[in-house]
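Subject: Structure for you to look at

Hello,

Here is the structure I said I would pass on. My notes on it follow below.

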Amino acid sequence: TCSDALRETRSTCSYCGVGCGVIIESRGATITGVRGDPDHPANFGRLCTKGSTLHLTARPEVTQQTRLLQPQLRLQRQASPLALDWDSALDLASQRLADVVQRHGPNALGFYLSGQLLTEDYYVFNKLVKGLLGSNNLDTNSRLCMSSAVAGYKITLGADAPPASYTDVDHAHCLFISGSNTAWAHPILFRRIEDAKRARPELKIVVIDPRRTDTVELADLHLALQPGTDVMLYHGMLHLMLRQGWTQPAYIAAHTHGFEALVEQVRDCTPERTAQVCGISVEDLLEATRLFATSPATLSLYCQGLNQSSSGTDKNAALINLHLATGQIGRPGAAPFSLTGQPNAMGGREVGGLSNLLSAHRDLANPVHRAEVAALWGVPDVPSVPGKSAVEMFEAAADGEIKALWIACTNPAQSLPDQATVRRALERAEFVVLQEAFATTATAAYADLLLPATTWGEKTGTVTNSERRISRVRAATPPSGEARHDWAIGVALAQRLEARLRPGQASLFPYDTQDALRGTEAIWNEHRESTRGRDLDITGLSYALLDAQGPQQWPWPSGASQGKERLYEDGVFPTPDGKARFHSTTYHPVAEARDEAYPFSLNTGRLRDQWHGMSRTGTLGRLFGHVAEPAVQVNPQDLARLGWEDGALVRVRSRRGQVVLPVQASAEQGPQQVFIAMHWGQEFLGGHDEAGQALTGVNALLPSAYCPRSKQPELKHAAVQLEAA
Ligand code: SF4
């Protein structure tokens, strides 16, 4: 029949910040296949194991098991939720939120969103919270992912804009990969790196990582530094560059400020001291420095090893310092290039979807910026007080300051550190709403109201990948069950709140929720207008242009004929005087150092074939072929010293709790370092905190220490002890 005809829909992979294009094959309302889009510049037809199995996660037999398909209400905590209709659910939600606002003010609400949301989803919620409700208590799980990269760029280069493109891999003579297992976390970008190395064996690859990961297999030089010592390493490299005459004084004089203070800062970071602190050899330090500084073009690729740290901003900025000092920026193959973890962490940043940001890279602290956004939204003002960041928001809810939590498309009960606090927050809040595609997440158990959201294959809108490229996301099938689009849920809530908070006035949310394409295009056009004159100006782009010419990079101002492949080629930075700034900072060790009681460093990270808390990838048996079950990986010599067999059950205990899981000998780990993948949830055996409460996921063992500037938690390091279980 006609409805069974094969349809092909161009869209984007929903997993990671590489942002690969996909072609979704569907028949009727069923997705039947997926393949890489040969015309998408992020992947040219390639997909990794996760992307190439997306269609299997959308099979009806899977979605019936995993998806949230209708609104549900818990009349009491711990009770089974009961189905209710959308109007009743939204009426209830708006009434409860308005009630909290009336009793305690808008800052008693906390909205916690996700880097998985599309730009249009983000835009609506940002406007709802900051424009309509008058609070900045909106943060997202991008806080756990990219906020240190944001702060690092802004403090040095002046704007949150990754300066490079994937094509720079082909121009680089040295790839300097820091704190990133690119081979597993950004597989299709890694294919490009492998191609470049094959085509040009003289391309030098330096990997900085405490672990000997798959990425290291391709490296010419691996610096297995001690966890958290990155700032010391970069300072030591700058010390050496100065000693060897490898800096570029002409570039520094013409395009930067603050070098003298930094030179003073690194004066005592001698090679011997640096090597000792970082646990590397002086020879390797010298070689890494030589390759970075003297290669014709050096491209840094970096990710969570730098970001998820109590000194995340400093790590990012100290690396960017090296690019500025050597002029390794603004040329083909030469730039600092942060890799985004989530598929649309970039889009979220663009619309200002963090508690300290405003639309189009504007700052809350800037009164001119606040006035511009208020004028764009047609509201009297936007509050100036920064809202609560992710960890702060849940701490405030645990303390009773935040009374209601609205959580969209993320799973804080598994992903945030210090789970005892998160659990207290979810239990103490008067009202918890979870807007989610999946019914199976740990957070779902705490929600009073569950609102079913659409997901990949059903959604319409845009995302931005690591290289500033905006791609369309297109729906291949109608929503499952009664699921609604995230932005449309936001609009429906906002319109109900408007009726209470500003009755009789024209709606600030006049978007067509019946027609997803019209609705999202109107939202996107409003977002586009907010970028006029900003560093990410996209006033020359449109849905029509993206449809006709494919995904494009920003900026693309009105009148331009193309986007920018590379930023700062003219040496002018988006600062008041056009000059970049060196960031002078001291090295601080990890928040929780190893000691006699807790003698091991716990590191966490991704597996190749899993994503986040596995709500999607965990539905496919074949994705467990690579790694089938959780384990704690331990250096073989440590294992021999402890006298344990591979596979023995071991208790891993931090100051916040403990989990039991099999031990695995792994030469990837350095001495006194252990690794547990971040994805596993309730699979841990007997995991519980000191109060005996069950734990979900490894982040429960981690401290809630965070970078004071970016507020990004230190999810890469905790001190732990091991004992036979
Ligand atoms: Fe999807 Fe990332 Fe794999 Fe590309 S590399 S297919 S975006 S998970």
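By class, 9 nonpolar, 4 polar and 1 charged residues form the shell around the ligand. Nonpolar here means Ala, Val, Leu, Ile, Met, Phe, Trp, Tyr, Cys and Pro; charged means Asp, Glu, Lys and Arg; the others, Gly among them, are polar. Of these 14 residues, Cys-13, Cys-16, Cys-20, Cys-48 and Gly-51 come nearest to the ligand; a residue counts as near if its C-beta atom, placed from the backbone, lies within 6 Å. Helix H1 (49–52) and helix H8 (187–199) each supply at least two residues of the shell. Helices are DSSP runs of H or I with at least four residues, strands are runs of E with at least two, and both are numbered from the N terminus.

Before you read on, note that this is a predicted model: local features need pLDDT of at least 70, side-chain atom pairs count only at pLDDT 80 or more, and totals for chains, interfaces and linings use all residues. Residues are numbered from 1 along each chain as its sequence is written.

The ligand lies between domain 1 (2–66) and domain 3 (147–339), because both give residues to its shell. The other two parts of the chain are domain 2 (72–145 + 344–553) and domain 4 (600–724); the bounds come from an automatic or database domain assignment. The unreviewed UniProt entry annotates residues 6–62 as "domain: 4Fe-4S Mo/W bis-MGD-type". UniProt positions are given in the numbering used here, feature names are shortened, and annotations may be inferred rather than shown by experiment. That span is 12% helix and 37% strand, and its end C-alpha atoms lie 21 Å apart.

On the chain as a whole: it has 24 helices and 29 strands. Buried residues make up 61% of the chain. A residue is buried with 20 or more other C-beta atoms within 10 Å of its own, exposed with 12 or fewer, and partly exposed in between, with C-beta atoms placed from the backbone.

Domain 2 and domain 4 have centres 31 Å apart, taken over C-alpha atoms. Between them, 20 residues of domain 2 are in contact with 20 residues of domain 4, contact meaning that the C-beta atoms, placed from the backbone, lie within 7 Å. On the domain 2 side, helix H18 (390–398), helix H19 (412–415) and helix H20 (419–428) give two or more residues each. H20 has the largest share of that side, with 4 residues.

Some single residues are also worth a look. Asp-418, in the loop between H19 and H20, has a positive phi near 50° and is buried, with 23 other C-beta atoms within 10 Å. Gln-78 also has a positive phi, about 75°, although it is not a glycine; Gln-78 is exposed, with 8 other C-beta atoms within 10 Å. The peptide bond from Trp-554 to Pro-555 is cis, with omega near 0°.

Thr-585 sits in the loop between strand E22 (580–581) and strand E23 (600–605). Thr-585 touches Val-231, Asp-314, Ala-317 and Ala-318, leaving aside residues up to four places away in sequence.

Regards

Technical notes: Two residues are in contact if their C-beta atoms, placed from the backbone, lie within 7 Å.
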